[in-house]
Amino acid sequence: MMLSMEQDFKDLVVEQSSLSASATKTMEVLRSKQAYMAAREERLAERERGVVVHENQVAELEKTRNRVESLQSEVKAKDNEVAGLSAAVAELQKRANVSLSEYNALQKELEDAKTDHLRTSEENAWLRG
């Protein structure tokens, strides 16, 4: 019986050693898997940060696009205003040219009338004698 107990003890020691080795191997595998999962989680976190940065950039670009569209509308309105003012200026220049032509014609008539009056006065003075 002593022999049997010694054998059982030796078997238990061997089994404990085997279980200990198996537990050590399992712990190594678990640590390896934990390290892999931690690295994977870090990569996912980096991607999420990248997505957030990208979303922020998209939002800023959208704001910029809206501002550009607003400015383009303002420029178009100013262009229309300038076109209207240019047309008004052209009409005023046309009127001014007509008025200048009329003024020059009246000035010529006045000069002709003065000349005729002088001539008539000279003729009358000559006739009177």
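Asp116, at 40%, is partly exposed. Keep that in mind, and keep in mind that this is a predicted model.

So, the overall picture. The protein has 1 helix and 0 strands. Its C-alpha trace spans about 185 × 15 × 10 Å along the principal axes. A compact globule of 129 residues would have a radius of gyration near 14 Å, and this protein has 54 Å. How much of it is buried? Buried residues make up 0% of the 129. The exposed surface comes to about 11900 Å², with carbon and sulfur atoms supplying 59% of that.

Now the charges. There are 19 positive and 24 negative ones, and their mean positions sit 1 Å apart. Side chains of opposite charge can pair when their charged atoms come close, and the structure holds 8 salt bridges.

Let's walk through a few. Arg119 pairs with Asp116, 3.4 Å from N to O. They're 3 residues apart in helix α1, about one turn, and Arg119 is partly exposed too, at 45%.

Next, Glu69 and Arg65: their closest N and O atoms are 2.6 Å apart. These two are 4 residues apart in helix α1, which covers residues 2–128. Glu69 is partly exposed at 38%, and so is Arg65 at 39%.

Then there's Lys78 with Glu81, at 3.9 Å. That pair is separated by about one helical turn, because the two are 3 residues apart in helix α1. Lys78 counts as exposed, at 52%, while Glu81 is partly exposed, at 46%.

How values were computed
Residues are numbered from 1 along each chain as its sequence is written. This is a predicted model: local features need pLDDT of at least 70, side-chain atom pairs count only at pLDDT 80 or more; totals for chains, interfaces and linings use all residues. Side-chain values use heavy atoms; hydrogens and water are left out. The radius of gyration is taken over C-alpha atoms; the globule rule is 2.2 Å times the number of residues to the power 0.38. Buried means under 20% relative accessible area, exposed over 50%, partly exposed in between (1.4 Å probe, protein chains only). Accessible areas come from the Shrake-Rupley method with a 1.4 Å probe; for residues, only the protein chains shown count as cover. Lys and Arg count as positive and Asp and Glu as negative; His and the chain ends are not counted. The place of a charge is taken as NZ of Lys, CZ of Arg, CG of Asp or CD of Glu. A salt bridge is a side-chain nitrogen of Lys or Arg within 4 Å of a carboxyl oxygen of Asp or Glu.
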